[in-house]
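Here is a short note to read beside the model. Please keep the structure open as you go through the points.

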Amino acid sequence: MEHIRAINDLVVRFANVNGTGSASANNMFAKAIFRMGIPVTPKNIFPSNIQGLPTWYEVRISEKGYLGRRDGIDLMVCVNPQSIARDVESVKQGGYFVYDNTKKLHAEFIREDIHYIGIPMTAMAMKHYSDPRQRQLFKNVIYVGALSALLDIEMDVLKGIIEGQFQRKQKLIAPNFKALELGESYVHEHFKYPLDIRLERRDRVGDQILIDGNTACALGAIYGGATVAAWYPITPSTSIVGAFEKYASKLRADPESGKRRYAIVQAEDELAAMGMVIGATWNGARAFTTTSGPGVSLMSEFLGLAYFAEIPVVLVNVQRGGPSTGMPTRTQQPDLISSAYASHGDTRHVLLFPSTPKECFDFTAKAFDLADRLQTPVILMSDLDLGMNDHLSPPLEWDDTQQYDLGKVLNADELEEMEQFGRYLDVDDDGIPYRTIPGTHPTKGSFFTRGTSKDEYARYTENGAAYVRNVDRLLKKWETAKKYVPAPEFYQKGNNHSHGLIFFGTTTYAALEAMELLQAKGINLDAMRLRAFPFSDSVRQFIEAHEKVFVVEQNRDAQLRSMLINELDLYPKQLIPILNYDGQPISADTIEQQIIKKYPKEIKEDDVHQAPVPAS
Amino acid sequence: MTYIKPLFRHPELPKNKIGYAKSDYEGAISTLCAGCGHDSISAAIVHACYELSIEPHRLAKLSGIGCSSKTPTYFLSNSHGFNAVHGRMPSIATGANMANRGLIYLGVSGDGDSASIGMGQFVHAIRRNVNMVYIVMNNGCYGLTKGQNSATADIGSLSKGGAENHYPAIDLVGLALELGATFVGRSFSGDKTQLVPLIKAAMSHPGFALLDVVSPCVTFNNKPESTKSYDYVRAHLEATATIDFVPEKEEITVNYPEGKSAHVKLHDGSVIHLQKLAPNWNPTDRHSAVNRLQEAKMKNEVLTGLLYIDPDSQEMHELENTVEQPLNTLREAELCPGSEALEKINASFR
């Protein structure tokens, strides 16, 4: 039978039942590889359910540092009888199927072209542990122990992780060690080890960290000076406020009184959450909310108010599969249009597209500056993959000399010297007016904030000319915004090739890998990663410099492509959509295959079509 | 009809303790219908703020959408105002209050804005005990869209177009009492003697203070058969007590007759004096308020006055344990943990 041989280049998938504590064992597995200096990307594939349904954890290990999803599973650890048929099927030819053989594997699950490694995990857990919950938990640690022998994971590293995890619950260290050793010795006694796919210590992660995007967003909000967080629970955004609370309770308590320098309000719904943010920022605090697609729909009315009344807002949209309730626990990038143009009337909102946890941190902190500077909503477009999965990321950085940019806010002295304050006067000819915070001056600077049409002095008006002046100034402000938002990033020395590639957010990992795969096949592309909407002039220049441009995104309707065409007035056929919307993070193979199909050069079929068809 | 308000003020107008004349608390000229109850409530707000010597810029006025929500333009022009979207003022007020606990928040809403589209936010602002005054200008109809019945209209009420309401009225006061509101009062726009001290007491109360003010709509709902008309309310008015409000440090000059009276002392030292108490009613006993309200309903009375006050009210900031200093005044030094702390955080993710 075929044997896959690979060092530090494999995909391992765990098939578990949700609610059985497998997550912490699986995290330990990924972290151990990370600590062995090997780049690793774990992904949770979980149901919208609390207990009892199938859940998977997929770990891509890549010495070359490819961090996107890759199709094909080299080793499957299956401890879930419900999903066993599917799990057996998904293993690559020549791959390995590690399973719990406490009960004999049914003949129909035997494939001739893969290797089976049976470990009696349940029986061992029953024998060595008496508490029912412990039996369930340590079954998971037993398979990690077995994998340490099979894949050559350093036992000391695993034990170090356990020691770190149970610093405050020392009693649990010994039984965890025992479970690891049980698994390890079972492999030692029954199988040839290590396998031909295995790991070797490297020094390829440097000072990077392994962190999820939601935690990084939360830290960005703390460093960016957010004091009011208003939110309503919705997967996959929920853990942002959880992390904000965790860090704020340590970092933002008044050292003397212990009182909080922040307020977290769990609102009655997304509408109220957005209302609270608007109230707080109107009052001069930095405030934010977090949600996912359905929440953006509910917040739309208020987003329109914030746009029209020019109130700063920071919203983190951790996107999930839509439309409607959609696929709540699967990833997509389906809210580009609904976020960019949220609300009725002529509206448009600033979007930021982070692609790493470090950018989640940087962009969230920056979003507060942008929102205050531009006096408008700024929406950070994360997604489930970036937000909820751990990613290898450059460490988070903060420059202690930097100051918050609170934008054009008049203080009492400035108001005192002013003849007449006009809330919506374009004093600086950049479309951004000056604002005042309630309570600043006894007789000057008060005005009425409203969602109705108004003149430069915030007075209600139905005068058509005044209305046009106002909405045209908002367009001028939109132009100004282009100077402030993060510029796109380029992956070439110049525009050297006929075809370009555009990607953003979590399509980045797979797109960069696909570029290398394509290069090996003679297809060379220039590439640009978008980091914000509005699109700056360099975006237009990049597109205009290429005959055709592939636009990679994770939604059915190629929403980014539509936005580019509409906003930059492009010829639609110039932009070729490359799409994936099955709820799994896009893989390099998918991008590679779609580009090959749509690339005009004559390339022989045989040369290119080697990668397996993506499982969906 | 007057369109322009003269700016001239008599130089010797009386001033309050902080040197402001009553005119300093006024706003733009009202564009509501002549005789609208809402204008009387605006006048009562001006009067109360003047007498309480509130610095106008230390008060924020917020509203939703509807005739009632237009009124903040007609009082306190030196205060910042926020005319939010329909039914969503409570969330704006909650966020604003979280950001700056140092201002006085005055929310103005209507029966459509609070009892229908904004019911969810109204209920949750009460639940959180947001420190604000919440006045509902309650006329039982949608004035700005020409007289449809609202959710506070009584069964049998006729809309301007003649449609009969078949559904029971939502009683905001009863609802608030059930929800655990810490200050609940009801009044009538035509009864300034009662309304002014009620507003003053509400402003001094630390927590959510609801004032449901029946305010007849002269254009669409002042018909003889309407239970929200001037004539009907006047004929059915009953009060829990007469009310007088004495602010902190002000000497009590009135002599109150002995008998059925009560005094409620507020956190800031001010006192609410209540006279001619209704039988079996105690202002700090929620149970007695609920009972009294039910009895009044059975007798078709419009029960007004202070219905309930919790003298131990803990407002949202106390429940959230936030710092005394308003959050909107904190800057980098207090908010940003700095690079050293971040390095430790990085290390925890390796």
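1. Start with the contact between the chains. In this predicted model, 55 residues of chain A are in contact with 48 residues of chain B. Contact means that the C-beta atoms, placed from the backbone, lie within 7 Å.

2. Several elements of chain A give two or more residues to the side that touches chain B, among them β9 (209-212), α7 (213-223) and α10 (293-309). The largest share, nine residues, comes from α9(A). Helices (H or I, at least four residues) and strands (E, at least two) are DSSP runs, numbered from the N terminus.

3. The residues on this side of chain A divide into 32 nonpolar, 14 polar and nine charged. Ala, Val, Leu, Ile, Met, Phe, Trp, Tyr, Cys and Pro count as nonpolar; Asp, Glu, Lys and Arg count as charged; the others, Gly among them, are polar.

4. A strand pairing also links the chains. β17(A) runs parallel to β2 (residues 80-83) of chain B, with three bridges. Pairing requires at least two DSSP bridges between the strands. Arg450(A) has Asn83(B) as its bridge partner.

5. Now look within chain A. Eight of the nine residues of β4 (residues 54-62) are buried, that is, with 20 or more other C-beta atoms within 10 Å of their own, C-beta atoms being placed from the backbone.

6. β4(A) is antiparallel to β2 (residues 9-17) of chain A, joined by nine bridges. Arg13(A) stands opposite Glu58(A). β4(A) also pairs antiparallel with β3 (residues 40-45) of chain A over six bridges. There, Ile45(A) is partnered by Trp56(A).

7. On conventions: residues are numbered from 1 along each chain as its sequence is written, and chains are lettered from A and ligands numbered from 1 in the order in which they are written. Local features need pLDDT of at least 70, side-chain atom pairs count only at pLDDT 80 or more, and totals for chains, interfaces and linings use all residues.

Definitions and conventions. Two residues are in contact if their C-beta atoms, placed from the backbone, lie within 7 Å. A residue is buried if 20 or more other C-beta atoms lie within 10 Å of its own, exposed if 12 or fewer, and partly exposed in between; C-beta atoms are placed from the backbone.
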